[in-house]
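Dear colleague,

Please read them with the model open beside you.

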Amino acid sequence: MKVVDCIIIGGGIAGLQAAIQMGRYNHSVLVIDSNQGRSTITRGYHNILGWPDGISGPKLRDLGILHAKKYGVSFLNDKVTSLEKSDNTFTVRTLLKQIYSANTVFLATGLTDYLPDLPNLQQCLGASIFICPDCDGYEITGKKTIVFGNGNTVANMAFTLTYWSKELTVINHDKKSISDENLLKLKSLGIQTIEEPISEIVVDSTKQLIGFLLKNGVLIKAERGFTGFSGNQLNNHLAKQVGVQLNESNHVVVNPRTKETNINGIWAGGDLISHSEQVTISMGDGSQAAIWMHKRLLGEPRPV
């Protein structure tokens, strides 16, 4: 079996940036991606240098794939189910029963958001409904905004968003318990809390957000929406299989200088290692890891 220089598991933003950098080093690179990450559903990133009018996740991914292919990077639409280390070589097995080996591995498997299955939600993400306040809190500045989610998670999201807008309403969609302390704080901030599930996100003929239709038939009008659900899943199962160290929040621990994990030859980046969940940080992780993977492939030892 041919052993490639690097296998990148996950074709989101961190994985693609690593692939581009590794390709520019003329290394043999295979990206294995199941096309299910957060960047596949985001309709607009608005805080990336060079894109003042924003760019969608799918478009950014398409451009990244084209860029990486210029340098001979190979792509496989599949899902890695196992990762093993034998001596200094790594072997991955996939859902489609394929087996590949590499001298280095970059884990960029990210996280999977918990989002309810609501009509029109997916088409609004990144356009009028947002997930990350650091990325998109600006987009609700002065706008009437519905913060929908569950329990204390949605309450805490609302507290964060008061920096950008005072016109907030909380919908506790799953009716999970909100602490008395948080309920009092919401009331003191003038934030109405609605304990009723959402049946539909309502948009007009141009797909612009109109509001949130509750199960009881009431329409709560809004200009913007923000999610605040607990239950996001870090995709760290491959890291666990091969003995990669995790921190108390189950993110992968890496050397801040090199992005290498405690396992020699395995690097990681993006949402898998960071709470920040920022596209630009993921890009930096990918480039940084690739630089040090290149050094290792040239024979340089692991830095102390």
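One aromatic cluster is formed by Tyr114, Phe148, Phe212 and Phe229. Rings of Phe, Tyr and Trp (for Trp the six-membered ring) are taken as a pair if their centres lie within 6.5 Å, and a pair counts as stacked if the planes are under 30 degrees apart, as edge-to-face if over 60, and as tilted for the rest. Under this rule there are five aromatic pairs. In one of them, the ring centres of Tyr114 and Phe229 are 5.6 Å apart and the planes stand at 75°, so the pair is edge-to-face. Because Tyr114 lies in the loop between strand S7 (111-112) and helix H3 (121-124), and Phe229 in the loop between S15 and S16, this pair ties together parts that are 115 residues apart in sequence. Helices (H or I, at least four residues) and strands (E, at least two) are DSSP runs, numbered from the N terminus. Tyr114 counts as partly exposed at 33% relative accessibility, whereas Phe229 is buried at 7%; buried means under 20% relative accessible area, exposed over 50%, and partly exposed in between, with a 1.4 Å probe and protein chains only.

The rings of Phe130 and Phe226 have centres 5.9 Å apart and planes at 45°, so this pair is tilted. Phe130 belongs to strand S8 (residues 129-130) and Phe226 to strand S15, so the pair ties together parts 96 residues apart in sequence. Both Phe130 and Phe226 are buried.

As to how far these values can be taken, this is a predicted model, in which local features need pLDDT of at least 70 and side-chain atom pairs count only at pLDDT 80 or more, while totals for chains, interfaces and linings use all residues. Residues are numbered from 1 along each chain as its sequence is written, and side-chain values use heavy atoms, with hydrogens and water left out.

Turning to charges, the structure holds seven salt bridges, each being a side-chain nitrogen of Lys or Arg within 4 Å of a carboxyl oxygen of Asp or Glu. One of them joins Asp113 to Arg38, with the closest N and O atoms 2.5 Å apart. Since Asp113 lies in the loop between S7 and H3, and Arg38 in the loop between strand S2 (29-33) and helix H2 (57-69), the pair ties together parts 75 residues apart in sequence. Asp113 and Arg38 are both buried. The side chains of Lys259 and Asp285 also meet in a salt bridge (3.4 Å, N to O), and these two residues are likewise buried. Salt bridges with shared partners join Arg38, Asp113 and Glu277 into one network.
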